[in-house]
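Dear colleague,

I am passing on the structure below, followed by an account of what was found in it. Please read the notes with the model open beside you.

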Amino acid sequence: MRYLPHSKNDVEDMLKTLGLESISELFSSIPEDLILKDQLNIANGLTEWDLTDYFTQVSDKNYSRKSFLGGGSYSHYIPNIINYLTSRSEFLTSYTPYQPEISQGTLQAVFEYQTYISKYLGMDYSNASMYDGATSFVEGVLLSLRATKRDKVLVSLAINPRYLEVLNTYKEAIGFQVIFMDIDKSGKTNLDKMDSLEDIASVVIQSPNYFGVIEDQDLIKPRIGEEKTLFISIFSEILAFSIFNPPGIYGADIACGEGQSFGLSRSFGGPYLGVFAFSQKLLRLAPGRLVGESVDKNGKRSFCLTLATREQHIRRERATSNICSNQGLCVLRVIIYLSLLGSSGLKKLGEINYNNSEYLKRELLKIGCSINFSGETFNEFVVTYPRELSSKKFFDLGYVPGIEVVDKTLPDNSFLITVTEVFKKSDLDSFIEAIGGVL
Amino acid sequence: MRYLPHSKNDVEDMLKTLGLESISELFSSIPEDLILKDQLNIANGLTEWDLTDYFTQVSDKNYSRKSFLGGGSYSHYIPNIINYLTSRSEFLTSYTPYQPEISQGTLQAVFEYQTYISKYLGMDYSNASMYDGATSFVEGVLLSLRATKRDKVLVSLAINPRYLEVLNTYKEAIGFQVIFMDIDKSGKTNLDKMDSLEDIASVVIQSPNYFGVIEDQDLIKPRIGEEKTLFISIFSEILAFSIFNPPGIYGADIACGEGQSFGLSRSFGGPYLGVFAFSQKLLRLAPGRLVGESVDKNGKRSFCLTLATREQHIRRERATSNICSNQGLCVLRVIIYLSLLGSSGLKKLGEINYNNSEYLKRELLKIGCSINFSGETFNEFVVTYPRELSSKKFFDLGYVPGIEVVDKTLPDNSFLITVTEVFKKSDLDSFIEAIGGVL
Amino acid sequence: YEEPLLWEIGDGQGVGFSIPGCETGKTILKSKHKRRGFKLPGLSEPEVSRHFTRLSTWNYGVDTNIYPLGSCTMKYNPKLNEKVASLKGFTNCHPLQGNDLSQGCLEVLFKTGELLKEITGMDDVTLQPAAGAHGELVSLMMFKKFHRDNGEEKIRDTILIPDSAHGTNPASASLCGFKIQVVKSNIDGVLTVEEVSKYLGSNIAGIMITNPNTLGIFEKNIRDISELVHRCGGLVYGDGANLNPLLGKVKVADTGVDAMHINLHKTFSTPHGGGGPGAGPVCVKRHISKYLPNPKVVFNSGKYTFDYSCKESIGRVHGFYGNFSVILKAYTYILSMGRDGLKKVGEYSVLNANYIRFRLKNYYHLPYNADSMHEVLFNDENQKKFGVSTLDIAKRLEDKGFHPPTIYFPLVVTGSMLIEPTESESRTSLDNFIKAMVSISKEAKEDGNILVNSPKNCKCERVDETLAARKPILKGEF
Amino acid sequence: YEEPLLWEIGDGQGVGFSIPGCETGKTILKSKHKRRGFKLPGLSEPEVSRHFTRLSTWNYGVDTNIYPLGSCTMKYNPKLNEKVASLKGFTNCHPLQGNDLSQGCLEVLFKTGELLKEITGMDDVTLQPAAGAHGELVSLMMFKKFHRDNGEEKIRDTILIPDSAHGTNPASASLCGFKIQVVKSNIDGVLTVEEVSKYLGSNIAGIMITNPNTLGIFEKNIRDISELVHRCGGLVYGDGANLNPLLGKVKVADTGVDAMHINLHKTFSTPHGGGGPGAGPVCVKRHISKYLPNPKVVFNSGKYTFDYSCKESIGRVHGFYGNFSVILKAYTYILSMGRDGLKKVGEYSVLNANYIRFRLKNYYHLPYNADSMHEVLFNDENQKKFGVSTLDIAKRLEDKGFHPPTIYFPLVVTGSMLIEPTESESRTSLDNFIKAMVSISKEAKEDGNILVNSPKNCKCERVDETLAARKPILKGEF
């Protein structure tokens, strides 16, 4: 077997060294009747070539062309250099950097990530990642419960429904209350419930929200006023803050969500990146790993994991979270991505997304589609197609219509669609022409 | 431009440092009328994404499936680990290892290559590569002229015709004589001319030869006898020596040819690897780079380029060759390939090639094809298809018939075909069935 | 050499990204939410390439040398897995494009699940959890739902956890609202029926057991303990972190566990990536499979589909379907190894650990005499008298070009050094590591200062972690 | 750490390759030529992966730091080029599958040729030569044929070559059967009409000129010299090794050359690979284009084809069509840069060299006062008095984490240090290099022994190259 270095001689010699006759003696501490008599019902190993053929065939069973699908997973350009650099075995195959002297590469990169993310989001600090947008959102909620010692959270219904599903799962198991805020005609969250409720641990808003609409986050903090309620601002399209204000501007205490747009492929939903940023006052309660700057014995700048007393391997049942493996390599991808763009590149990219999206909006309106939510959007919006445009029609034309959105405020045949920089004008025009032809 | 680090500020600052006002002043030493007035007639730079799309389309215009084509370029399995390791920038982007202290990686790998190749071919030494099989063959001939101070070479006509074309080009420019030896009915070289000629610098045989036939190389050295004529044994399918005797066994003074089969992709003909091995007595006349073992100041084993006094950068017009850039990275690919296989793996792989090839031979005979050359073969042979099987028929069936071979000893519709380990029995059976269906 | 931070390179005005043209016209953004400028340095591609290449050389990976971290299973990460996971048909697949357009991905998920069921002997599986600890949490959520459906959620509020357990076990249980009762292992390093019995009662929700445990010892009483816990109304959780030695040897289902997670990034060779991503599929017995997260992947009449139909499910635990690419890599690995290969993995991992144990036992103290499985636990008992600690030994190993073992874990032993070589290490590699450990034991005797002052040959000397925690600097300024 | 040789690892019985099954039956080989056993050690994939990963860390690449080798143009090698060259449609393409099935590859060859013609202003091109020196030889073969067709082959037996030329120039000319006459450059480092005139006569086949030359100076008299040589019946060859600064600035055709090669691995960013592969396309003027090697790639009625029709061609010079993948990478680079990018390449390469010149001129001696183009020549004149040579300076640079410049070349100056930073280097990178050079000049003054004993921080100290040549060990034994 090509991955196993021992030759037959090696095994025999080593057994002899140990004074053993056979491999099975090594397993003598296992009760004999637990030892399998039969082989596993698994095929024999395949060659590299058969596997390559097989997986090429399997992958071809997926649709992998451009689509207008978004809703938490976005199609953005990914520079090849990211794949190249992250494939270096020193990054790819290393463990969590517990031994700083031989892990300065990962540590410095994470420190750079924390710096870029916290500045990009306008927050005090960022941790070194959670699993994905949904779990990061839930960790934000849990942090607010911990920090305020309260058990109720006020949550916008305009949050990604899959994120809300995950919240519900945790809520059921852990036991806390979730109160929802409705959506108004503009597609924004109706904040009225904020005034009538007490003892709220946190108010949670997504912006751009699930319908792509930019929320009026400036209204939150003033409405919280003197209360100790935390403001949690979440996101699934982090690129929006290239041209729209980030959570920090509005005084968010916790900003968390999905970082996939920054250099991670869609890959059927994972691995993605749970971005988690927070204000200084929450530092010692925050979940996840943190890298800090320090000095070595000679006073030389060095980096190491820090504030580990929050973590499970030190604090066990009193840890701020149970997270251990995080999304380290995704962090590396994101910091490489951000360093290639810088703020000027990000701004340009954001503008292209916005321009493309607004263009498609205008063109869709021209051919008789409607856009019911009046709120401004970044690169995602909800469109209502005429009835003639059924899902089947779309498939026949070779398009995916978007993600169906069912909401009492919306007509039937409404879909969330996303337009990023990967679309050229000609792509959009072809789309309009194709569906226009059916109308 | 993403590959250029200077910002506008950088350029201005640097010009200021130099006391210059504009970039164009930097070019003031060039006569003004040589400076281009217009821009180059080349498009503006394309993005990474447009280029990826473009090249995907362009590459799809090529046929890239399994084919029976060989004749100096072979389809063998290439382990993915080779691509992975050779893409490490320390290997990929380094220069010729002139500074040994910071090039021990390349140097040791080349030393390992020289060792494996010389042992595999049964020769005293191997150099660190020539451009490809054809040029390596010519360098072998030139070395024999140099070593014997003669100007006639006796060359088999069963050598790859493209190699012979290159020889002819060099012959015309440099000026030496080439005398050809015919082919007999078995597909082997008729050696009779060896006896009637004098003052021959070298006798050159390819084995397996262009028709895939194993030559009787054991007859060469005895026939040369006391003469100082050198025996040059060349090859285009180096894998053959996994189960057939290598040149060294037959006393070849020079063994040279193509190394592409050992881990290099076909890539439309290059880069490939000129393998060049030779006997001890030719060491100081041999072309190309050599890596030797030595010690550093502390007596520690280290490697460095050696015998550079043969080379152009030291000896200039008295160098043994004008080669400078060789095929360094291909050398690295080959030594990785060989280390993954070892002799036991090579032997197994060779046997599969042989078995597959012999199987197809038998099956072709069954359906009415003929095999005119009686000599034994490794993984290539010449088949004569029935007349009904025109090239067009093959294309219609989705097959490439092989490389057409035109020779007076062969009937029309004769093709050289190659069967390697990439063919499964089912592939071969489908082929037989498809062409059998036409007959 | 030193490598500056990103914002210390150049003037930050570079761009290393191909900004595409935009022909759809400029729409002026007139929003009160419009962002008014922010500053993140950008660099050209050559600068970025060099920066991260240089940083990488300060790291240590599995391709650098042996990485003998106990309970972490740092085995070779095949490059083929990476190639498969980078196939466009997978990377470009959107998670919401529907069953019809995702048959390839769904096939991968379904078949991987089937293989994990066969390997563990369990009845059902979810691939959603993104890491081992996530899998633990998901399992405990299922346990909770089980007790709730039995009307015992309030009563059964305690989880038993052995003293040698990973920190994630108590952390997950606590996060899920359970109380923790620690159970001591005995002098041989294993749990006993007697000790577990002490704590059994109507308040027990379940027990979490790692097997082989983090002392490297097989919990030989596990079936009896499982039976006992079951009889008392509790459930048994298996922490699969140490599954590697059992491959093809023992089906975990036979030991009585009701649910277990598997760390694909340990047992099934997917890279750790400097901290992740991993994947923590959970396998369960039939009686609790209805609680598995939604959606499940099912195969019916030739078609793979996401099944959301289970009403008793605890619900979704990940934004989409877990770390798909990681699962794909593990699937590739299992198909590469095949049944014979997997069995040899288990065998050689145990052989290698025992070889190290045998060759080092005269130099380092073995706190337990019981047979070792895939990892072996030493401590610094023999070296303490020379003023040398486990930490010093670890740092000295770094100087010699080796990654240290897991240190100061498990907590039940002081000065732990937990060594897990994995089956990927050749004999030559083991011998080199052993040689280094032996030479360090001699250095400890002869001149402990060498160890105390190590490392000297690494990127930096020992880092002041106390300072880092006291005055946290968690981001740079520019 | 040390890394053993392949045959010093394990017992050599491993296999890291997926040997496929064989269902075609075993055919017994009953040949007198059957090989009777041989021994080459085999290793498992993890061992091979680690071996070569470790070896790689002893190397220095462009992604490590500045690589200022004069006349070598060690610029950044874009990763995109590698990705394009690895597309299956290219890598799986057999060179003999015919025009119809190779339209993609032929398009790449044809369009690259067109771009090279536009960049140089020349009329025709061959892409067959596998390296710069190969291109030189091919050009000289064409020159020879030209003179032969004029009935002057026997008379015109001499090639003029400046004293600053690359060693390949005389080596190629000599290989092609020419005599060499060296021409001296003047005190300003350039060729003069007077000096060239001295040697002109009916025996002159041509002249080989590198421009800018290897002193980094533009040959300002080149047009007059070309005219003179032409008038005398000779041809002018341009060594394109230093094409980089001229991109978009000067078309080499305008300087009067009849043929030139281009090093794609220098000017057009393809990686040097530790010694190759490169590619050395040759561009020619119309009057000698009929001598170009066969086949040529032509485009007619929408189809690309290999054209073998030219009877006067010198013939084939490569087994197939040159280093196709290298050409493909260069093509990708040109399309990435576009006309503006290419022009900036030239400009910034000259800016960077002059910046280094300016910042170092007070520390190191400049043998020539003439303006530098893309590279700058210093020597050890200022340091000699402290017993420190160019070699010592170079080795000390290695200690400080930098690759040295080209040393002891060109030969016209003693103790040459030829520095070519290329446009890929940022200002920060240049400043770091300058800082190191300045500090070395101070060390030379204060304690030359530091330099003489360097390097101390590399994989090894200075290697005994004399021993290596005196007692050659060119392979290992096992």
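**Inside chain A**

Between domain 1 of chain A and domain 2 of chain A there are eight residue pairs in polar contact (both at pLDDT 80 or more), a polar contact being a pair of N or O atoms within 3.5 Å, where within protein one must be able to donate a hydrogen and the other to accept it, and residues adjacent in sequence count only if both atoms are side-chain atoms. On the side of domain 1 of chain A that touches domain 2 of chain A, α11 (328-366) and β10 (380-384) of chain A each supply at least two residues, and α11(A) gives the largest share, seven residues. Helices (H or I, at least four residues) and strands (E, at least two) are DSSP runs, numbered from the N terminus. By class, that side of domain 1 of chain A holds eleven nonpolar, eleven polar and six charged residues, with Ala, Val, Leu, Ile, Met, Phe, Trp, Tyr, Cys and Pro counted as nonpolar, Asp, Glu, Lys and Arg as charged, and the others, Gly among them, as polar.

Before going further, please note that this is a predicted model, in which local features need pLDDT of at least 70 and side-chain atom pairs count only at pLDDT 80 or more, while totals for chains, interfaces and linings use all residues. Residues are numbered from 1 along each chain as its sequence is written, chains are lettered from A and ligands numbered from 1 in the order in which they are written, and side-chain values use heavy atoms, with hydrogens and water left out.

The domain assignment of chain A gives domain 1 (66-74 + 344-437) and domain 2 (80-338), with bounds that come from an automatic or database domain assignment. The centres of these two domains of chain A, taken over C-alpha atoms, are separated by 28 Å, and their contact (heavy atoms within 4.5 Å) takes 28 residues from domain 1 of chain A and 31 residues from domain 2 of chain A. Together the two domains of chain A bury about 2,300 Å², 62% of it on carbon and sulfur atoms, where buried area is the accessible area (1.4 Å probe) that two parts lose on being put together, summed over both. In domain 1 of chain A, the residues that lose the most area to domain 2 of chain A are Y74(A), L346(A) and F378(A), together 29% of what that side buries.

The rule finds one salt bridge across this interface of domain 1 of chain A and domain 2 of chain A, a salt bridge being a side-chain nitrogen of Lys or Arg within 4 Å of a carboxyl oxygen of Asp or Glu. In chain A, the side chains of D182(A) and K408(A) meet in a salt bridge (3.9 Å, N to O).

An unreviewed UniProt entry carries the annotation "domain: Glycine cleavage system P-protein N-terminal" for residues 1-433 of chain A; its positions are given in the numbering used here, feature names are shortened, and annotations may be inferred rather than shown by experiment. That span of chain A is 35% helix and 13% strand, and its end C-alpha atoms lie 55 Å apart.

**Chain C against chain A**

In this interface, 199 residues of chain C are in contact with 181 residues of chain A. About 16,900 Å² is buried between chain C and chain A, 62% of it on carbon and sulfur atoms, and H33(C), R35(C) and L474(C) supply 5% of the area that chain C buries against chain A, more than any other three residues. Twelve salt bridges are found by the rule across the interface of chain C and chain A, and K119(A) and E477(C) meet through their side chains in a salt bridge (3.1 Å, N to O). Helix α10 (residues 324-360) of chain C gives the most to the side of chain C that touches chain A, with 27 residues.

**Chain D against chain B**

Here the contact takes 201 residues from chain D and 181 residues from chain B, and about 16,800 Å² is buried between chain D and chain B. The count of salt bridges between chain D and chain B is twelve, and the side chains of D218(B) and K32(D) meet in a salt bridge (2.8 Å, N to O).

**Backbone points to inspect**

The peptide bond from G276(C) to P277(C) is cis, with omega near 0 degrees, and P277(C) lies in the loop between α9 (264-267) and β7 (282-284) of chain C.

With best wishes
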